[in-house]
Amino acid sequence: MPENLSHQISPWVSFLRQYGPIPQNENSFDERIASSLKRGRVAPIRVELQYLDELVANFRSATPRSIILTGTAGDGKTFYCREIWQQLQGDGPRWNSEAETQELRLDGGLTLEVIKDLSAIVGEEKKETLLRIADVMADKVKDRVLLIAANDGQLMEGWSQLNGNGHVHTVRNDIENLLVGGWRAHRRSQEHNFDLYNLSRTSAEKTFMKALKAILDHPGWARCDSCQFQQGTEQQKPCPIWENKTRLAGALMQQRVSDLLELSELNGFHLPIRQLLILVANTILGHSTAKDRLMMCKEVPQLLAEGTIAQASPYRNVFGENLTERRRETIEVFRVLRRFGVGIETSNFIDSILIFGADDPALHPHYQELILSDPHYGSDSTYLNGQRAYLEGGEETDLSAFLAQLAGQRQRLFFTIPDARAVEMRLWQLTTFHFADEYLNEVHRVLLRKERVRGEIVARLVRGLNRIFTGMLARDDNHIVLATSGSLSQARVSQVFEEFISVRRNLGQRAQLELAPEAEMPALSVHLSDKHWASLPLNLRRYEYLVRIAEGALPNSFSRECYEDIMACKTELLRQLAARRREEQAEDDETDRLTLSLITRLNSDGLISNPDHIEIRMR
Amino acid sequence: MNRLPFPTVIEPDIWVDEAIWGHRLYDEQTPWMTVLEFLGILQSEMEDGRALREETLNTLKYRPNRRLHLRNILFNNPHLEAVLEQFPNDDEAQWQTWLQQMRATKGGPEERDFSYLRQRFSSFKGFAALVQFLQASAIEGDSNKRWTSKFVFPYGPHCLYEDLDANGKTNDRRFFGRTGELLYRVLAANVHDFGAELCIAPKMMTMTERI
């Protein structure tokens, strides 16, 4: 250890800790951080704001438009307001974080009124505020522009109590339309003088990378370079805070976290920036026995001495494993990420390496590469001892501690198995969604690049679809089989054949993967003709469901919701088929004959190739 | 309103039940059986031109269909598969054997001639496939009830008939325990509230859920 180094207490680490899941981190987050900044002599975390420049430019222009910022709690609405204010401030008044509304004279002579939280205004004042908003947006008041922040749920509240003039009503409807329609974050009103930014429509994985960069590149880390614990020695492991920071800076780990966040968005779970900051802070600072379960600099020597460094594993912290279960469940980001089941899900191969790898010569190379190579969080002595006790112990040995460590190891492997080994190691079997990787890289990202998805992938989805549509273990994958049960709609097996729809383009028929029109996610669109089609948006859950069915799983091993979603799609296709038939007048004109097509069995290749057509003469 | 006399013979809680519901609410009748019984009554009354109309109280009199030919073909017909296996690819022999066996089977109509079916189907195989399909989609089709208590899915009026005893002679009220009749009467009593053009379906659904 170089002699001139000593133990440093970094104010930056204490500051970062405030962003983590500590009990005080509840309300008025931005306000509290601001006051802590004043005291702490720490440079703030500067996450690059996607829309800041264009918003500031708007208010500096000769004809600025009013702006509504909306989004869920923690999306950074107040932060935006403050940043915009500070850029426009000039000689004007300073930002007052206490005031609900405040005004600033713009260079062009107009007055900018910032309403930091519309939902905090109540009663008569609320009515006046809403009327003022309507006046400004409808251009009845010309010397004023507005910057309004409001949670998306609360933006529409209070308007119904206004019995104002016609323009109040049209402004309200305009805001509502912009709020509910479309998935783009920035939407411009055509009728009135305002734009709406829905910050919940910015995807978490992009915000995450920005937040991560802001934290990892923060100048506050410089202090650590003169800390005696930063680098380890032969006798002593390095500081876990620094170690975690270094690991989080690795491209592979960033990619895997970012993939999980993107998949969560595609599953319909949006994570605002505040949650992402909690995630980063907890990943770096989490430790199960530290105070509030987040490490401070002054605790580090003791933790090192106790040899409990493995409990600071960033791979566990990502999922909030350092927290109590109760605490963890209250924090959205951990609830969302834990849906992937990383740590609980596993494959025999991975578990064999983790448990038998030390002794089995066939597995030992993997063991060396995956466990022994990481003395910090992999081949930690507690794990090695637990493993030995597990293998050698009798029935009375308490295994719960080792099983928890095993889960931690699986979580570590999820973030450390390199891409090149992912297929061989069946990396995604460590999650609930075995086909998440394919969904993300071979479907979603391919579609975003405006390329075509591989035919085999479509074929497999079609096979899954056919199995659910017919209730039979069919192998058909070059056409979609439309069939009905002939009785009640909940019947599992559908024997009455209606139509084949070709997957390859044929007479206007086709089935293909494309981006869903109203959401940025893949969808399977099925065309019965040029005019008749239906689209099934595929979130990750539905995709996994279809593929697993295609691979031989049974439908009722999944949630009923997935099944109902697919059946709703079938109903829509049948409706489209009926419409097409009406237009083609394909119904038989002869009334004395009735033809019924039944799928009585699969052929020897497992195909529904040839339904039996039964003709019944009615007289 | 008339009050029922206080019970002297039966237990009081049964008496309360009966005072409220009459003696016709049979609590073990499944929703499907209730609906089918109800539809049968509705069909019968419709044919007589008085659906859901009861001019004077307690005069409901109906005669649901029995449809014994249909029921024999669908549910009293254990011969189909054997015949198909015995004479593969011989349509003539299949028809002959089956018709003969049906003639010998007991139960249902006196006249056991099913030969009219031959004119309706181009092959015995197709006929058999249709019968098997209707069997598979029958109401509570996997139960092992007697054949006279099995019901085809109510595709239309020709699919409605009443529950009968094992000989196909009389309604012994084993599965049609009059709960469907009660449903019919509740609806008939409320018919003016709904207006003449009834939207029966949703009301019926809630009724059957309660039952």
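In this short talk I will go through a predicted model with a chain A and a chain B, beginning with chain A and its domains.

The domain assignment divides chain A into four parts: domain 1, made of residues 11-44 together with 203-338, domain 2 at 52-201, domain 3 at 348-432 and domain 4 at 450-580. If we take the centres over C-alpha atoms, domain 1 of chain A and domain 2 of chain A are separated by 33 Å. Where these domains touch, eight residues of domain 1 of chain A are in contact with ten residues of domain 2 of chain A. On the domain 1 side, the elements that contribute two or more residues are helix 2 (29-40) and helix 10 of chain A, and that side of domain 1 divides into three nonpolar, two polar and three charged residues.

Helix 8 of chain A, residues 240-248, packs against helix 10 of chain A, residues 273-285, at an angle of about 130°, and their axes are 7 Å apart.

Three strands of chain A form an open sheet in the order 9-10-11, with antiparallel pairing. Strand 9 (510-515) and strand 11 (533-537) of chain A stand at the edges with a single partner strand each, so one side of each of them is left without a neighbour in the sheet. From one strand to the next, the twist averages 25°.

Looking at the pairs one at a time, strand 9 of chain A is joined to strand 10 of chain A, residues 522-527, by six bridges, and the two run antiparallel. Within this pairing you can find A:Ala511 opposite A:Val526 of strand 10, and A:Leu513 opposite A:Leu524, again of strand 10. Strand 10 of chain A then pairs with strand 11 of chain A in the antiparallel sense over five bridges, and these two strands form a hairpin with five residues between them. Here A:Ser525 stands opposite A:Ser535 in strand 11 of chain A.

What packs against these strands? Helix 20 of chain A, residues 436-448, lies across strand 9 and strand 10 of chain A and runs at about 75° to strand 9. Helix 23 of chain A, residues 560-584, also packs on the sheet, where helix 23 touches strand 10 and strand 11 of chain A, and its direction makes about 170° with that of strand 11.

Now I turn to chain B, whose secondary structure comes to ten helices and zero strands. Of the 211 residues in chain B, buried residues make up 24%. Among the contacts in chain B with a separation of 6 or more, 62% are between residues 24 or more positions apart.

One such place to look at is B:Pro31, which lies in helix 2 of chain B, residues 31-47. Is B:Pro31 buried or partly exposed? B:Pro31 counts as partly exposed, because it has 14 C-beta neighbours inside 10 Å, whereas a buried residue would need 20 or more. The C-alpha atom of B:Pro31 is separated by 9.4 Å from that of B:Thr179, although the two residues are 148 residues apart along the chain.

Finally, let me bring the two chains together. Ten residues of chain B are in contact with twelve residues of chain A. Which elements of chain B give two or more residues to the side that touches chain A? They are helix 6 (117-120) and helix 7 (124-136) of chain B, and of the elements on this side helix 7 of chain B gives the most, with four residues. By class, the side of chain B that touches chain A has five nonpolar, four polar and one charged residues.

Technical notes: Residues are numbered from 1 along each chain as its sequence is written. Chains are lettered from A and ligands numbered from 1 in the order in which they are written. This is a predicted model: local features need pLDDT of at least 70, side-chain atom pairs count only at pLDDT 80 or more; totals for chains, interfaces and linings use all residues. Two residues are in contact if their C-beta atoms, placed from the backbone, lie within 7 Å. Ala, Val, Leu, Ile, Met, Phe, Trp, Tyr, Cys and Pro count as nonpolar, Asp, Glu, Lys and Arg as charged, and the others, Gly among them, as polar. A residue is buried if 20 or more other C-beta atoms lie within 10 Å of its own, exposed if 12 or fewer, and partly exposed in between; C-beta atoms are placed from the backbone. Axes are lines fitted to C-alpha atoms, for helices over the stretch in contact, and angles run from 0 to 180 degrees between N-to-C directions. Two strands pair if DSSP finds at least two bridges between them. Domain bounds come from an automatic or database domain assignment.
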